[in-house]
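Good morning, and thank you for coming. Please look at the structure and its sequence while I describe some of the contacts between side chains and between strands.

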Amino acid sequence: MFVLQVAIVVLLAAGALLSLLLQSRHDSDREARNRSVAVAQTVAHSLGLQAALKTTDPSAILQPLAEATRKASGVDFVVVMDTNGIRYSHPQPDRIGKRFVGTIEPSLAGQVHVESVQGPLGKEIQAIVPVTAADGRVVALVSAGLTVKNVTGVVDRQLPVILLAIATGLALATGGSALISRRLRRQTHGLGTEEMTRMYEHHDAVLHAVREGVLITDGDGRLRLANDEAKRLLDLPEDAEGRSVGAVPGLNRRMADLLLSGRLATDEVLETGDRLLVVNQRPTHPGGRREGAVVTIRDSTEMQVLTSRADTARRRLKLLYDAGGEVGTSLDVVRTAEELANVAVPRFADYVTVDLADSVLDGDEPGAGADMRRTAVSGIRSDHPLYPRGWLIAFLPSTPQARGYGTGEAELVPDLADAAGWHAQDPPRARAIVDYGIHSLIVAPLRARGVVLGVVNFWRSQKPEPFDEDELSLAEELVARAAVSMDNARRYTREHALAETLQRSLLPRALPEQNAVDVAHFYLPAQSGVGGDWFDVIPLPGSRVALVVGDVVGHGLHAAATMGRLRTAVHNFSTLDLPPDEILARLDDLVQRIDRDGAADDLDGGVLGATCLYAVYDPVSQRCTMARAGHLPPLVVAPDGTTDIVDLPAGPPLGLGGIPFETSELYLAEGSQLVLYTDGLIEERTRDIGEGLELLRAALSHPDRDPAESCRAVLDLLLPTRPTDDVALLIARTRTLGPDRVAEWDMPFEPSAVAAMRSVAVKQLEEWGLSEIGFATELILSELATNALRYGSAPVRVRLLHARTLTCEVWDGSNSAPHPRYAATTDEGGRGLFLVAQLSEQWGTRYTPDGKVIWAEQSLPGTPGAGKPSPAAFLDLEPL
């Protein structure tokens, strides 16, 4: 704009000068005409001219300017007039305010008119130029001219003045345009006209399109602006803008007071009609003065509803989330039911009861129409009239519980007072429940994997409104999630019961009779699943006893079955009377075969690992020989109370193969206690093995206790509340077989020594008071000694042991194994071992580093099952 104004002034000045020069070349009259036009146009386009015209006294400004221009330009007069021809300036001041002499109509039409008239100064040549506004409208006229007498030589005399006037006008126009342009740039921040137009269009579109009401008030409390949303929210009339806030019809009084106060307001909630509005108000202070306020309004009515719904949904999701973490923390059916009842009170229901089919508590599949047992009860109060926990309930078909159990569909009972079918179950109790204040019920069946395990009852008493359909859906979702945990617990209960039954059937029900040790034992399966721990006491020939404890890695039926296989194998191997290291070596081979067979048949069929400790105690020599395969070492409690951990080589666990086992032998004084155990006793999450061993030693350091008392003391100190692994404990206190119960002779390696041996043996039996079995003993010793002399090698030794049974042992230096055979009628021999088997309870052979021992046991007279041999059985025998 500045450049345009300067350009216009420059062009006008150049045109005036050019016209003057042309006129001076042609004639003086034309020169005067052009001069007049130039001066008039210069004044008409002066920047301050139109501003002066708008003042109350334009003559005061224009008269000096016109006179200065006249004198400077060399014309005789410069007259500024309005569109009616009334002068604002004139060289003769008394002519000001009077009508201009001349034709102004062409100039009012926007034309420059030059004419010669008889004016106040005489014969004049004057130019009349219109003053036009920016919109093209003529707002004034300017006339300038010369008298005829002054036309001659005017160009030469006035040329410097004209040039000076042009320069002055240009300077004024340039300065004014510069000032105006600078102010406009500051107010519009440098934006052009197109940008300003576009900005105002966008501002207006945004202001009325936003979903938030906007109000602007001035310092006098008038409403200057209100967008469409504000008019809608406040029900303002269309002509509200420009009115005083207090006079706007329909405006809420509280809202009007807030707008008139002009104070700061942040998220203030005002109720206007049926709307809940959130108002923010910020006072404006341009230049440090309070000029009004800007107010924004938003409707929170729908937001409140949505917030309420979202809060309800959040609480329900939180309930389901908490149920996922709090229900099913254990594989116990009753505890799972209690967790389900507790998680729903009081966030969803005031009282919750869980009724399960009675068979589910035992881990079995529920049947159709089964009676249900109340398994869990939880409520906000304990004095409710609902069936108590443990009550066996036979629901009638008319009750929602029976229908839910039969169909697997949840049911809502909004008003218990009108539920006739439910009242029929137990009318007195139903009346008591309604009188107590419980008025609404949701019955949701516990359904998992297509099986209904029971029902969950949600009772409401505190809230006056009944349960609704949304809450029924929530109850179904909650119970559906819990049903999976309940079914898992039921399945685990069944598996655990089966495994525990199997394991207990595989463990020794009663320890066998033997004279070597006094034994106390304890076994407890793990809470999380039956494992493969076992123990055993196996009587061996020669009054010896084998003490065994083992552990199969893992839990469940497979571990229990594997334990049974290993225990059976240990019994079978012990009949071979092998040393402990060979017993473990054979077990190791067996476990490897089981692993290979299991890997071929089923990925879960193999044994992941097993440990075992095998010890043999001889009460005659008081020596204990033992070996272990990856098992924890035993403890020995001496008669004086000293407790030591046996320094026994660990050996690899069973099933690894390739590494031999080592045997250790130690002497046990009479009354010593040998303690065998599994890792479940000493290992726990809160302590390590070393700490557990020290506690075990402390519990055992009391020699005055018998094995049963020691067992109780150990369990009181070490047994976990909820063991995560099986616990097996075996405590054996040693006995001895003294010299008065043992008779031993060295026999010469010749046949004649057999008769002498029979004679001394009979005498020994008489001393022990066992003459009743003397005849049978003679036959047994005679046959065993004869076999040793005939098929064995020197040295030969005979030993009699008087314990629970009478044991006859014949030792020789040969490793050849005797075996019985059936002799024909005509055979002269071959009946010896057959006679031994008939006369003894049991017989066998065991090998020693120096040879072998052939032994036979007989029951003592007076013991159950003992009988005398019939003489008729030996009538066909040949004399020895």
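This is a predicted model: local features need pLDDT of at least 70, side-chain atom pairs count only at pLDDT 80 or more; totals for chains, interfaces and linings use all residues.

I begin with Tyr-436, which counts as partly exposed, at 23% relative accessibility. The term has cut-offs: buried means under 20% relative accessible area, exposed means over 50%, and partly exposed lies in between, with a 1.4 Å probe and protein chains only.

Residues are numbered from 1 along each chain as its sequence is written, and side-chain values use heavy atoms, with hydrogens and water left out.

Which residue forms an aromatic pair with Tyr-436? The partner is Tyr-351, and the pair is edge-to-face, at 6.1 Å centre to centre and 65° between the planes. Rings of Phe, Tyr and Trp (for Trp, the six-membered ring) pair if their centres lie within 6.5 Å; planes under 30 degrees apart count as stacked, over 60 as edge-to-face, and the rest as tilted. Tyr-351 is in strand S10 and Tyr-436 in helix H14 (residues 427–436), so this pair links parts of the chain 85 residues apart. Helices (H or I, at least four residues) and strands (E, at least two) are DSSP runs, numbered from the N terminus. Tyr-351 is buried, with a relative accessible area of 1%.

By the ring rule, the count comes to five aromatic pairs. Another of them joins Phe-348 and Phe-458: the planes stand at 85° and the centres are 5.2 Å apart, so this pair is edge-to-face. Phe-348 is buried at 7% relative accessibility, and Phe-458 is buried at 0%. Ring pairs also link Phe-348, Phe-458 and Phe-467 into a cluster.

Phe-467 has a charged neighbour as well: Arg-460 lies over its face, at 4.2 Å from the ring centre. A charge sits over a ring if NZ of Lys or CZ of Arg is within 6 Å of the ring centre and within 35 degrees of the ring normal. In a second case, the charged end of Arg-429 sits over the ring of Trp-391, 5.5 Å from its centre.

Arg-429 also forms a salt bridge with Asp-426, the closest N and O atoms being 3.5 Å apart. A salt bridge is a side-chain nitrogen of Lys or Arg within 4 Å of a carboxyl oxygen of Asp or Glu, and the count comes to 32. Asp-487 and Arg-449 meet in one of these, at 2.3 Å from N to O. Asp-487 lies in helix H15 (residues 469–506) and Arg-449 in the loop between strands S14 and S15, so the pair ties together parts 38 residues apart in sequence. Asp-487 is buried, at 1% relative accessibility. Both residues belong to a network of salt bridges that also includes Glu-365, Arg-490 and Arg-491.

Five strands form an open, antiparallel sheet in the order S16-S25-S24-S21-S22; two strands pair if DSSP finds at least two bridges between them. Strands S16 (517–524) and S22 (643–645) are the edges, each pairing on one side only. Strands S21 (residues 635–637) and S24 (residues 673–677) pair over three bridges, and Leu-635 has Val-675 in S24 as its bridge partner.
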